[in-house]
Amino acid sequence: MISLLTRCLAEFVGTFVLVLGGCGSAVFAAAFPDAKANELGIGFVGVSLAFGLTVLIMAYAVGHISGAHFNPAVSFGLWSGKRFPASELLPYIIAQVLGAILAAGLVYLIATGKPGFTLSGSNPLATNGFGEHSPGGYSLAASFITEVVLTFIFLIVILGATDGRAPKGFAPIAIGLALTLIHLISIPITNTSVNPARSTGPALFAGVELFKQVWLFWVAPILGAILAGLFYSKALGESGAPVVGEAEREVSPGADDFSRR
């Protein structure tokens with residue numbers, strides 16, 4: 001049985017890479033060399049792929065250790081879907097948030113190495129927001145609905161792809177592509193969160209005004225995730241196939257063992 005400390009370390013590393021890869025691509029490469037010319041910039045599509053690819057590669061890298069949550073909402077969704085014990089929610093979430101903060105701090109440190117860099121614009125450091133901090137000017141209500149619905153969909157994909165009835169070994173691909181699609185839909189609305197840790201890290205360095213909007217990106221994704229977990233477990237059922245740690249205890253510690261599914 002892999003220790004809780006080791007699993008939390010894997011969550012820390014995975015979330016660090018997620019935020020560094022996703023938010024880093026948004027800060028450094030989305031509009032390079034500038035937003036008007038954008039001759040070499042990766043744009044919305046590139047940033048969406050960056051977030052999806054980081055989840056995909058880290059799920060294969062450490063999914064067999066921790067279940068590859070990298071996201072407090074995912075942990076809550078797996079808990080509500082009876083895939084994860086409540087006793088391990090807090091340690092996982094602490095590890096995820098710390099990984100996100102370290103990655104956001106690194107992005108900020110690197111960004112300040114460019115002459116003239118300032119924390120300006122509606123979404124500095126790839127922060128999430130609504131109202132005036134929504135990239136497209138979407139309201140709080142529109143942003144809340146978007147985050148709830150898209151997190152719900154994300155968790156349905158995670159729960160389905162890691163179900164014992166699903167094809168083995170492909171879960172990280174499905175989950176990574178789902179996150180890519182989610183970003184393609186919602187970058188203009190909230191700059192895409194569906195992940196409270198990802199939202200918290202950059203906001204800590206972007207200032208009080210952005211940090212005051214982080215509450216939405218905790219409440220909405222966790223609500224959507226919990227609803228998805230309940231829906232999947234009650235309406236779609238479970239296969240009863242073994243999952244990570246089931247030999248040692250009744251509840252699995254993670255989404256699944258991606259090396260065997």
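Good morning, colleagues. Because this model is predicted, local features need pLDDT of at least 70 and side-chain atom pairs count only at pLDDT 80 or more, while totals for chains, interfaces and linings use all residues. Residues are numbered from 1 along each chain as its sequence is written, and side-chain values use heavy atoms, with hydrogens and water left out.

Let me begin with the overall make-up. The chain has 9 helices and 0 strands; here helices (H or I, at least four residues) and strands (E, at least two) are DSSP runs, numbered from the N terminus. Read from the N terminus, the order of elements is α-α-α-α-α-α-α-α-α. Of the 261 residues in the chain, 52% are buried. Buried stands for under 20% relative accessible area, exposed for over 50%, and partly exposed for what lies in between, with a 1.4 Å probe and protein chains only.

I turn now to the interior. A nonpolar core is a set of buried Ala, Val, Leu, Ile, Met, Phe, Trp, Tyr and Cys residues joined through side-chain atoms within 4.5 Å. The largest one has 45 residues, and the members that touch the most others are Phe-154, Leu-155, Ile-158 and Leu-179. Two or more residues each come from α1 (4–28), α2 (43–66), α3 (72–80), α4 (89–111), α5 (140–161), α6 (171–190) and α9 (216–236). Helix α4 gives the largest share, 7 residues. There is also a second, separate core of 5 residues, among them Val-148, Leu-216, Phe-217 and Ala-220.

Next, the helix pairs. How do α5 and α9 pack? Their axes are 7 Å apart, at an angle of about 40 degrees. Axes are lines fitted to C-alpha atoms, for helices over the stretch in contact, and angles run from 0 to 180 degrees between N-to-C directions. The angle therefore makes α5 oblique to α9, given that under 35 degrees counts as roughly parallel, over 145 as roughly antiparallel, 65 to 115 as roughly perpendicular and the rest as oblique. The crossing of α5 and α9 is right-handed, a term used when the near helix is turned clockwise from the far one by less than a right angle, with anticlockwise being left-handed. Their contact holds 18 nonpolar, 5 polar and 1 charged residues. In this count, Ala, Val, Leu, Ile, Met, Phe, Trp, Tyr, Cys and Pro are nonpolar, Asp, Glu, Lys and Arg are charged, and the others, Gly among them, are polar.

Helices α1 and α4 cross at roughly 35 degrees, and their axes come within 7 Å. This crossing is right-handed, and the contact residues divide into 20 nonpolar, 4 polar and 2 charged.

Finally, some single residues. Phe-70, in the loop between α2 and α3, has a positive phi near 55 degrees without being a glycine, and Phe-70 is buried at 1% relative accessible area. Ala-126, in the loop between α4 and α5, likewise has a positive phi, about 60 degrees, and is buried at 5%. Ala-141 of helix α5 is partly exposed, at 45% relative accessibility.

As for cysteines, Cys-8 is buried at 11% relative accessible area and Cys-23 at 1%. The structure holds 0 disulfides, a disulfide being a pair of cysteine sulfur atoms within 2.5 Å.
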